[in-house]
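Please load the model in a viewer and keep the selection panel open. The stops below are meant to be followed in order.

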Amino acid sequence: MRRVRRTPLPFPYHLIDLRGAEDGELIEIAALLGLGLSLEELRSIRDHYNSLGREASDVELQTYDQTWSEHCFHKTFKGLIETPEGLVDGLLKTYIKRVVEELRPDWCLSVFEDNAGVIEFDEDHAIAVKVETHNHPSAIEPFGGAATGIGGVIRDILGVWADPIACTDVLCFGPLDYKYELLPQGIKHPSYLFRGVVSGIGSYGNSVGIPTVNGAVYFDEGYVGNVVVYAGCLGLLRKDRYARCVRAGDWIVVAGGRTGLDGIHGVTFASSELTWESEMVSRPAVQIGNPLEEEKLKRAIKLIGEDGLGSGITDLGGGGLSCAVCETAYRYGLGAEVWLDRVPLKYPSMAPWEIWISESQERMCLAISPQNLEKALRIFEEEQVEATPIGRYSEEGLVRVYYGGLKVAELDLRHLFSPPRIRRSTSWRPPSLEDPIFPEPQNLEAILKRLLASPNIASKEEVIRSYDHEVKGCTVVKPLHGWNAGPSDAAVLKPLGASWRGISISSGLKPRYGRIDPYWMAASSIDEAVRNNIAVGGRRIALLDNFTWGNPEKEDRLGSLVQACRACYDVAKAYGTPFVSGKDSLYNESPLGPVTPTLLVTAVGIVPDIRRVVTMELKEEGDLIYLLGLTRKEVGGSEYLRLMGYIGGSVPKLNASRTAELYRRVISAMDLGLVRSCHDLSEGGLGIAAAEMAFTGGLGLTLNLEGVLVDEEMRDDFKLFSESNGRLLVEVKPEHRSSFEKLMEGVELSLVGMVTAEDRFRVLGRRGTILDLSLGELMDAWKTPLGGSN
Amino acid sequence: MNRSEIRVLIPRAPGTNCDSETAMAFLDLGVKVEVVHTQRLFRERNLMDYDIIVFPGGFSYGDYVRSGAIWAKECEYRIGRELEEFIREGRPVLGICNGFQLLVEAGFLPGFEGRSIYPQAALANNPNGFQCRWVRIKHVNSGNCPLTREIPPDAVLEMPVAHGEGRFLFPRDREDEYLRRLYEQDQLVFRYAKPDGTFADGEDPYNPDGALHDIAGICNPEGNVLGLMPHPERAYYGWQLPGWTKRGTPPEYGDGRLLLESIVRYVERRL
């Protein structure tokens, strides 16, 4: 093509004449260079070069491509959206960030600014937390995709000078018994993806020595074409070590692994739909991690942070050096000069643009002042980590990139960071779904056992045991609780030797509700994450949002996304739980259609004294069991209806202000020592939660459904398996009955059962005893599918 | 020897990741602790300045090749002679998980006739892959191992394991002979047990890695080099235990402390 000219230099370097190019030519250029830019964006770049009056270099255009990708710039969340209710000026600003802006909590130290959200832990320490998605890579190469997802999110935590202390992983797959014949070409079988992803996470997290303490594994048909992998990490830092003061003259230092051709165009790949060709076309965008390199890097960064030797730090993730250098320079009102020939390479003869945008793993980019450079480099050397100064930050807002003595790019940061805003419109109509009419099953014992063994309820012990959740020795409440390995609501860590203060981490995920109503799906996800945290005594809760959605250029996908975002604002505001960090993954589409719209909410709370933490197993015979919250006939999207072969329409809703009050009372009761155990009601409702409490504690339980507070007359099966939000089961000593009931006055409370010494789980309904099972039967049912070897 | 003068050395290599909790546990016992990178160790330190060496858990050098193999070679070449002298003098060496793997790879364990040139045993792949779980181990040493002297005979201790390669094996053709020697020289120290205190008898998950004869930990013939797969440093405090919530409040300490305290007591008595 005549507009693209290869220079006669001894390395691959192209100049592209965009001046006066027509739309057709722009599209052709983009295709030739493998750029994911839209026509509107290409026009804006053309106009820029028109005014500069020169050709563009391949290094420059690749920088635009990276910086303006959905993955790096989050165009959809920052764009203008026309909805039937009016124009939304940025989803992020309007719904997600607004919560923290309105609540103004003094414990939020850095929100939506850095690689991770930073919140207060105690007077001297802060918590850094981040959750990432790694869906596209995991769909192509599950082991490498998932492992590098963990690697990336750990570096996000290093990127705020924090010491990573815990990982959390939430995974969504298609059904493991999905029929091979139904798989479209290029789509890998769920069980292959499941094995690969789980071993990738274990292999990486275990080797780096960070415990994986929290997570979930979820199965749904909607994930057959698009596997979903959320990788999260939480770290601790000293507040006075949170250094951010990059100045002109500071060195740009690349540390860690070497730069190679792996991970080229990863962000472009992540910002497009998966097709049957993705396997061939995008395989090189996925990498294999080297956890050993990351462990060394982690040590070195920790030491440099402790000595306060760095003035800035960021990980080299999507977009590689191009994004790290340009973003840092732009953020501090600086420019930069970079000599690409100094970047240590895995092998020679990489083109300058490849070095500039490579996403090779296990690399960090630091800013270090001239007087600290030598000391910092010595620390890297002692930890056997390669670290190289490759450039310096400069005064003006230009980034100049050199290679072989030649300037190969000169980027105006002001233009680079003002991409044309997208403007999209939505059209979302609720599906017409209604609850099915079917007779109440006679044998509820069989139903309960089948529910316990259903994929989204059954124990994930086999997966959890393959992750080290004990390394660092600070895991107080473990993902599998007690010797019976029951399901904890949240993990609790005690990160400091000299303090009893703990951190509680939990998640909420309700994808199936999204098929009925994205607003209530999001509301339910937030409630579940918060409720899980409350159940262990967590308070002062911060939230993280991770959206996995389909192609936002399609109006219905975007419409449901807007609905979900609205719920985020409404519920988080009512709960007083601000969002502190988040990440979205859009364009999750495959030949099977869009992914099940999925919002993962991660909640991080504080447990003031871990010796008073509340866990979910029954403690002692004779204790009373209370159900908090109102049970409604809300079975739409429930695991019960799924088992019966339906989806239903009555999705669980939420009265956020009433529920917030209920949670406040629960925390008060815990602080007064009135709550001996507490468990959240989620998938499978009351029946499942009660059974889990019984077999985990090894104690019997008799439940009386007549005592359950309902808003209307209801069948026993609906009372047992409704998934109404905002409900918890708590165990209270008989002698605390009156003080507990007094404290709970005004909130929905019902006495529903009693702990017994018998080895029986008994439920009384309208027809007398409707369930009478031994604890062993329940536990066996729960542990059979993925229960490991117990 | 006065406890506060006891110096514990915790060497680390790239990929070591249990050094800080191991150090924390020993610090709580009132001894001095130093965590030193192996590179720095052979450049700047003298092993003989220390009273106890603890090789901690982790994935040294990524556990590429075989768990602990590269770190073992590094130690062998760089500090091998010093380490042998340290051991010959009867000073205690403890290897936990990856540290145990190192001691086997370097030929110190079982070390039937002193240090062997080639490993005499293997800590091989678990049949079920990586397993993180709490197990029970029974103290079976009859007195040869001075490092566990404070632990009552037949005591069952609760600790977590977390490894993918920890299945203790002897070469097939020497299995009986080597096992007999372990007994003859009283080198067996810990064996996996069931909740009722009987041996796991290879039964999963009580024996989590399929180890021969439920072997979880052994010592050298002299008894001053001890290696085990479970992690005492993760069972040091009561709040780390899996079952304390049932009781309401955590006990102060867990069983891991028994073992580490016993080692410190040995050094106290010795000098």
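A salt bridge, as the term is used here, is a side-chain nitrogen of Lys or Arg within 4 Å of a carboxyl oxygen of Asp or Glu. The coordinates belong to a predicted model.

**Salt bridges in chain A**

Begin by selecting A:Glu661 and A:Arg665, which form a salt bridge whose closest N and O atoms are 2.7 Å apart. Both residues belong to helix α23 (residues 656-671) of chain A, where they are four residues apart, about one turn of the helix. A:Glu661 is partly exposed at 27% relative accessibility, whereas A:Arg665 is buried, with a relative accessible area of 19%. In the structure as a whole, 92 salt bridges are found over all chains.

Next, select A:Lys573 and A:Glu102, whose side chains meet in a salt bridge at 2.9 Å, N to O. A:Lys573 is in helix α21 and A:Glu102 in helix α6 (residues 91-103), both of chain A, so this pair ties together parts that are 471 residues apart in sequence. A:Lys573 counts as partly exposed, with 31% relative accessibility; A:Glu102 is also partly exposed, with a relative accessible area of 35%.

Now move to A:Asp114 and A:Arg244, where the salt bridge has an N to O distance of 3.3 Å. A:Asp114 sits in the loop between β6 (108-110) and β7 (117-120), and A:Arg244 in the loop between β11 (228-238) and β12 (251-256), so the pair ties together parts of chain A that are 130 residues apart in sequence. Are these two residues buried or exposed? Both A:Asp114 and A:Arg244 are buried.

**A loop and a covered helix**

Select A:Lys554, in the loop between β25 (539-548) and α21 (555-575) of chain A. A:Lys554 is partly exposed, with a relative accessible area of 31%. Leaving aside residues up to four places away in sequence, A:Lys554 touches A:Glu273 and A:Glu589.

**The interface between the chains**

Show both chains together. The contact takes 43 residues from chain A and 40 residues from chain B. Chain B and chain A bury about 3,500 Å² between them, 51% of it on carbon and sulfur atoms.

To inspect a charged pair, select A:Arg299 and B:Asp19, which form a salt bridge with the closest N and O atoms 2.7 Å apart.

**A nonpolar surface patch**

Finish with B:Tyr64, B:Val65 and B:Ile70, which form a nonpolar patch on the surface with about 280 Å² of accessible area together. B:Ile70 is found in helix α3 (residues 69-88) of chain B and is partly exposed, with a relative accessible area of 31%.

Key
Residues numbered from 1 in each chain as written. Chains lettered and ligands numbered in written order. Predicted model: local features only at pLDDT ≥ 70, side-chain atom pairs only at ≥ 80, totals over all residues. Heavy atoms only, no water. Helix = DSSP H or I, 4+ residues; strand = E, 2+ residues; numbered from the N terminus. Buried < 20%, exposed > 50% of the residue type's maximum accessible area, 1.4 Å probe, protein only. Contact = heavy atoms within 4.5 Å. Patch = residues over 30% accessible without salt bridge, like charges linked within 9 Å, V, L, I, M, F, W, Y side chains within 5 Å. Areas by Shrake-Rupley, 256 points an atom, 1.4 Å probe, with all protein chains shown as cover. Buried area = accessible area lost by both parts, 1.4 Å probe.
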